[in-house]
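Me: Hi! Could you walk me through this structure with me?

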Amino acid sequence: MARPLIADIDLDALRHNYRLACSLAPDSRAVAVLKADAYGHGAVACARALEGLAPAFAVACIEEAVTLREAGISTPIVLLEGIFEAAELDRVEALGLWMAVHSDWQVEALLARRPASPIPTWLKVDSGMHRLGFAPERAEAVWQRLAAAPGHACDLHLMTHFATADLAATGYFAGQMTRLAALAERLGAPLCLANSPATLARPEAHGAWNRPGVMLYGSDPLEQSNAASRRLAPVMTLRSAIIAVRELPAGEPVGYGGRWVTPRPSRIGVVACGYGDGYDRHAVDGTPVLVAGKRTAVAGKVSMDMMTVDITDIPEADIGSEVVLWGRAAGGEVLGVDEVARHCDTISYTLLTGVLPRVPRRYHGESGTDPN
Ligand SMILES: Cc1ncc(COP(=O)(O)O)c(C=O)c1O
């Protein structure tokens, strides 16, 4: 038997989540964010599954766009951080990309060039995230310069990113919205603002375009889930099996450092999955897993290739039993990646993007095609 660990990717669930994003914002178009290899799900497979549904894709850099173009993806692709050096404009043109501009040097590079056709450009405004973008009071002048150069830039949009759209407290988000809305009104500019939490919970942020990312993969980014976020379906199931069983008396330490000690006579399942696969070593005792479709928990420190789980109360569990680290079990039971992340003191984004290449991806879904 081959090592049983696999990441099953449900492309129907991806399309379901994308359609949900669209249905929540019927007057917007949704650019599907496929950066970081589609949050660890495989950008080419996800792009193929969304082609014809999503009018545009978003990535972080040219290299990610090249991967998609080389796979034959012709849908428009926007570079969320724009170019990293002026020379990249050659490839922006050759690949027909759209780009964000967040810095003076990028604007100068764009205006210094004579593209064969103008480049669709999203002007990034720092409305409060304080990461990338022009301060609102400067953005107006930059916008006017770009608008006055239609041979260089076209289809101008204002873009911003929210720092707190996921939080229940709305004060900081509202401040970002107010700054952006005032600027947009002065310029009559179309907007691209909403990430997943804003798509799910902040209709006032829905613009000409929204930029849902993590919700497409079935993770709920909201601090307080809502009716919409509860309709998300998990796309990745990280699935393995029990490869050995230990029967131990009470009082026996399990794994490195003996962090977990059997509180009673216990059955321990050894699972083929570890931090060498991307499973988070910070998972505490009690982190949920599904064994044979039933909830139980991590018991002992995660090691590189294996981890141990308590199967005392699942007598039918044995060597070969299915273990779901997150996602959907064969019987339909779901363990959300967000819940696992909370036990690892992290967020779903790091777990999903952290699944390492040695874990084979297996694609499912009607029109999904395996890129390999
Ligand atoms: C500029 C930008 N837009 C959109 C997104 C998508 O965010 P989310 O995955 O929270 O939907 C990201 C993700 O980090 C981003 O950096």
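**A chat about the model**

Reply: Happy to. R138 is partly exposed, because its relative accessible area is 39%. Keep in mind that this is a predicted model.

Me: Which helix holds R138?

Reply: R138 sits in helix α7.

Me: How far is the C-alpha atom of R138 from the one of D126?

Reply: Those two C-alpha atoms are separated by 10.0 Å, and the residues are 12 apart along the chain.

Me: OK, new topic. Which residues does UniProt put under "active site"?

Reply: The unreviewed UniProt entry gives K35 and Y256 for "active site". They span 222 residues in sequence and their farthest two C-alpha atoms are 35.4 Å apart, so they do not all gather at one spot.

Me: Let's take K35 then. Where is it, and is K35 buried, partly exposed or exposed?

Reply: K35 belongs to helix α2, which covers residues 35-40. K35 counts as partly exposed because its relative accessibility is 29%, between the 20% and 50% cut-offs.

Me: What is K35 in contact with, beyond its neighbours in sequence?

Reply: Setting aside residues within four places in sequence, K35 is in contact with A58, V59, A60, E64 and L80.

Me: And where does Y256 lie?

Reply: Y256 is in the loop between β11 (253-254) and β12 (260-261). At 59% relative accessibility, Y256 counts as exposed. Not counting residues up to four places away in sequence, Y256 touches K301 and S303.

Me: Which residues are listed for "binding site"?

Reply: UniProt, again in an unreviewed entry, lists R131 and M304 for "binding site". This pair spans 174 residues in sequence, with the farthest two C-alpha atoms 34.6 Å apart, so they do not all gather at one spot.

Me: What surrounds R131?

Reply: R131 is found in the loop between β6 (119-124) and α7 (136-147). Leaving out neighbours within four places in sequence, R131 is in contact with K124, D126 and H161. R131 is exposed, with a relative accessible area of 55%. D126 is also the residue whose C-alpha atom is 10.0 Å from that of R138.

Me: Nice link. What about M304, where is it and what does M304 touch?

Reply: M304 is placed in the loop between β15 (294-297) and β16 (307-310). Apart from residues up to four places away in sequence, M304 touches G274, Y275, G276, D277 and R358. M304 counts as partly exposed, at 42% relative accessibility.

Me: What is phi of Y39?

Reply: Y39 has a positive phi of about 50 degrees, although it is not a glycine. Y39 lies in helix α2, where K35 also lies.

Me: Is Y39 buried or exposed?

Reply: Y39 counts as buried, because its relative accessibility of 8% is under the 20% cut-off.

Me: Now some helix packing. At what angle do α1 and α3 pack?

Reply: Helix α1 (residues 11-24) and helix α3 (residues 43-50) pack at an angle of about 60 degrees, and their axes are 10 Å apart. The two helices are therefore oblique to each other. Their crossing is right-handed.

Me: Which residues meet there?

Reply: From α1, the residues are L11, L14, R15 and Y18, and they meet A45, C46, A49 and L50 in α3. By class, this contact has 7 nonpolar, no polar and 1 charged residues.

Me: Last one: is N210 buried or exposed?

Reply: N210 is buried, with a relative accessible area of 2%. N210 is found in strand β9, residues 209-210.

Me: What does N210 touch?

Reply: Not counting residues up to four places away in sequence, N210 touches A25, S28, R29, A30, V31, A194, T199 and A205.

Me: Great, thanks!

Methods. Residues numbered from 1 in each chain as written. Predicted model: local features only at pLDDT ≥ 70, side-chain atom pairs only at ≥ 80, totals over all residues. Heavy atoms only, no water. UniProt positions renumbered as here; feature names shortened; annotations may be inferred. Helix = DSSP H or I, 4+ residues; strand = E, 2+ residues; numbered from the N terminus. Buried < 20%, exposed > 50% of the residue type's maximum accessible area, 1.4 Å probe, protein only. Contact = heavy atoms within 4.5 Å. Axes fitted to C-alpha atoms, helices over the stretch in contact; angles between N-to-C directions. Parallel < 35°, antiparallel > 145°, perpendicular 65-115°, else oblique. Left-handed = near helix turned anticlockwise from the far one by under 90°. Nonpolar A, V, L, I, M, F, W, Y, C, P; charged D, E, K, R; others polar.
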